Amino acid sequence: MFIFIAFAASGLCAIANLLDRGLVHGEAEDSDPLSLLAIGGALNIVMAAPLALWVLPKYGLDLGVFVPLFLNGIVYCAAIWLYLVCLKTEDTSRVIPFFQIIPIFGIGLAYVRLNELPVPADLFGIVCLVLGGLALSVKDGVVHGKLAVLMVLSSALVALNDVIFAEYGRGHAFSEAILADWVGKGFFGLTALMVPRVRKGFVTGL
């Protein structure tokens with residue numbers, strides 16, 4: 001059952017990647033990556049409000065869990081911003097394969113924070129994924145330096161997001177973890193509205 005869920009998640013991510021490319025394509029203000037994240041942040045706040053009305057009376061507010069997951073939401077938005085910046089100027093087929101290096105960062109961070117070790121079969125599979133993904137990102141024998149740097153950093157932040165969510169989300173209600181995550185993403189988006197061009201893109205993008 002797990003493998004089917006994993007494949008379904010991968011399929012949904014592929015669809016999201018295509019939609020992302022369509023959203024950032026062009027020079028319009030509402031195609032600016034930060035404007036898109038501001039819109040996403042506003043939607044997260046809208047969703048978080050009714051969830052908070054249910055979660056807080058039932059579970060209260062554990063700052064030891066809420067604060068790390070709140071910051072984790074910001075980390076994820078930073079990762080997506082870097083990814084969207086690359087996607088705006090590069091082909092999807094060159095950007096997405098870089099996410100195959102997420103497991104490398106994930107293994108290191110999971111060991112440091114969660115004391116989790118992969119088995120040899122896991123390592124072999126990860127090596128195959130990484131080599132295949134990086135091979136797909138090469139075009140005419142060249143990988144753009146800026147693209148590589150930004151996507152490696154984006155991948156590292158995504159891995160960090162996963163590990164922090166696993167560390168602080170385990171042992172607590174899923175709704176608690178999601179609330180903190182949504183509020184963090186909302187904070188990132190609303191903070192981006194301090195930039196004038198982002199505000200213009202936000203209004204037209206809505």
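Predicted model: local features only at pLDDT ≥ 70, side-chain atom pairs only at ≥ 80, totals over all residues.

Student: Okay, rings. How many aromatic pairs are there?

Tutor: The general idea is that a pair of aromatic rings is described by the distance of the centres and the angle of the planes. Here the count is 3 aromatic pairs. Take F70 and F187: the ring centres are 5.5 Å apart and the planes meet at 55°, so this pair is tilted.

Student: Where in the chain do F70 and F187 lie?

Tutor: F70 belongs to helix α3 (residues 63-89) and F187 to helix α8 (residues 174-192), so the pair ties together parts that are 117 residues apart in sequence.

Student: Which ring pairs with Y83?

Tutor: That's F99, and the pair is tilted, with 5.3 Å from centre to centre and 50° between the planes. Y83 sits in helix α3, while F99 is in the loop between α4 (92-95) and α5 (102-114), 16 residues away. Y83 is buried at 2% relative accessibility, and F99 is buried at 18%.

Student: Now helices. At what angle do α1 and α3 pack?

Tutor: Two packed helices are described by the angle between their axes and the distance between the axes. For helix α1 (residues 2-24) and α3, the angle is about 70° and the axes are 9 Å apart. Angles of 65 to 115 degrees count as roughly perpendicular, so that is the word for α1 and α3. The crossing of α1 past α3 is right-handed.

Student: Which residues make the contact?

Tutor: From α1 you have N17, D20, R21 and V24, and from α3 you have Y83, L84, L87, K88 and T89. The residues of this contact divide into 4 nonpolar, 2 polar and 3 charged. Notice Y83 in that list, the residue whose ring pairs with F99.

Student: Last one: what does N161 touch?

Tutor: First, its place: N161 is in helix α7 (residues 145-169). N161 is buried, with a relative accessible area of 8%. Leaving aside residues up to four places away in sequence, N161 touches N72, V75, Y76 and D181.

Conventions. Residues numbered from 1 in each chain as written. Heavy atoms only, no water. Phe/Tyr/Trp six-rings, centres within 6.5 Å; stacked < 30°, edge-to-face > 60°. Helix = DSSP H or I, 4+ residues; strand = E, 2+ residues; numbered from the N terminus. Buried < 20%, exposed > 50% of the residue type's maximum accessible area, 1.4 Å probe, protein only. Axes fitted to C-alpha atoms, helices over the stretch in contact; angles between N-to-C directions. Parallel < 35°, antiparallel > 145°, perpendicular 65-115°, else oblique. Left-handed = near helix turned anticlockwise from the far one by under 90°. Contact = heavy atoms within 4.5 Å. Nonpolar A, V, L, I, M, F, W, Y, C, P; charged D, E, K, R; others polar.
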